[in-house]
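Thanks, everyone, for making the time this morning.

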Amino acid sequence: MPDRGGRCNIKLAIGHKSMTTYISTPFSILPSEWDNGIVINNPCAARMNRFLAALHDKCTEVAYDIPFMDMSAKSVCAAVCERVTPFIGQWHCSRIFLVH
């Protein structure tokens, strides 16, 4: 949902057992600055895209190390978040949303 300035937070989606968990990133952009998973028309687009690609790679790497077959989506998200937080630094993992 957009904030008062029309910006939307970029979220990383993690799917498991028919649930999708969204983890907020530190970035909020206008819908016009987003094109098929890439930040465009933003002065910080290159930096954001590098960060988002590195975050995606780190989450993928971490997911391979989690024995997630018998875990809930919330538990998988918490495990990924716990392991990825040091990589991100100032990322706040308390902003987690579950969608059935």
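This is a predicted model: local features need pLDDT of at least 70, side-chain atom pairs count only at pLDDT 80 or more; totals for chains, interfaces and linings use all residues.

**Hairpin, core and helices**

Let me begin with Cys81, which lies in helix H2, residues 73-88, where helices (H or I, at least four residues) and strands (E, at least two) are DSSP runs numbered from the N terminus. Residues are numbered from 1 along each chain as its sequence is written, and side-chain values use heavy atoms, with hydrogens and water left out.

Is Cys81 buried or exposed? Cys81 counts as buried because its relative accessibility is 5%, given that buried means under 20% relative accessible area, exposed over 50%, and partly exposed in between, with a 1.4 Å probe and protein chains only.

Turning to the strands, E1 (residues 8-16) and E2 (residues 19-29) pair in the antiparallel sense over eight bridges; two strands pair if DSSP finds at least two bridges between them. Within this pairing, Cys8 stands opposite Ile29 in E2. E1 and E2 form a hairpin with two residues between them, and Lys17 in the turn has a positive phi of about 50°.

Which residues have the most contacts inside the largest nonpolar core? They are Val39 and Val80, in a core of 20 residues, where a nonpolar core is a set of buried Ala, Val, Leu, Ile, Met, Phe, Trp, Tyr and Cys residues joined through side-chain atoms within 4.5 Å. E1, E2, H1 and H2 are the elements that give two or more residues to this core, and H1 gives the most, with seven residues.

Val39 touches, among others, Ile10, Ile29, Trp34 and Leu52, not counting residues up to four places away in sequence; contact means heavy atoms within 4.5 Å. Asn49, in helix H1 (residues 45-64), is in contact with Ile38 and Val39 once its neighbours within four places in sequence are left aside. The side chain of Asn49 also reaches the backbone nitrogen of Val39 at 2.9 Å.

Finally, Lys58 is found in helix H1 and is partly exposed, with a relative accessible area of 22%. The C-alpha atoms of Lys58 and Arg83, 25 residues apart along the chain, are separated by 9.1 Å.

Conventions: A polar contact is a pair of N or O atoms within 3.5 Å; within protein, one must be able to donate a hydrogen and the other to accept it, and residues adjacent in sequence count only if both atoms are side-chain atoms.
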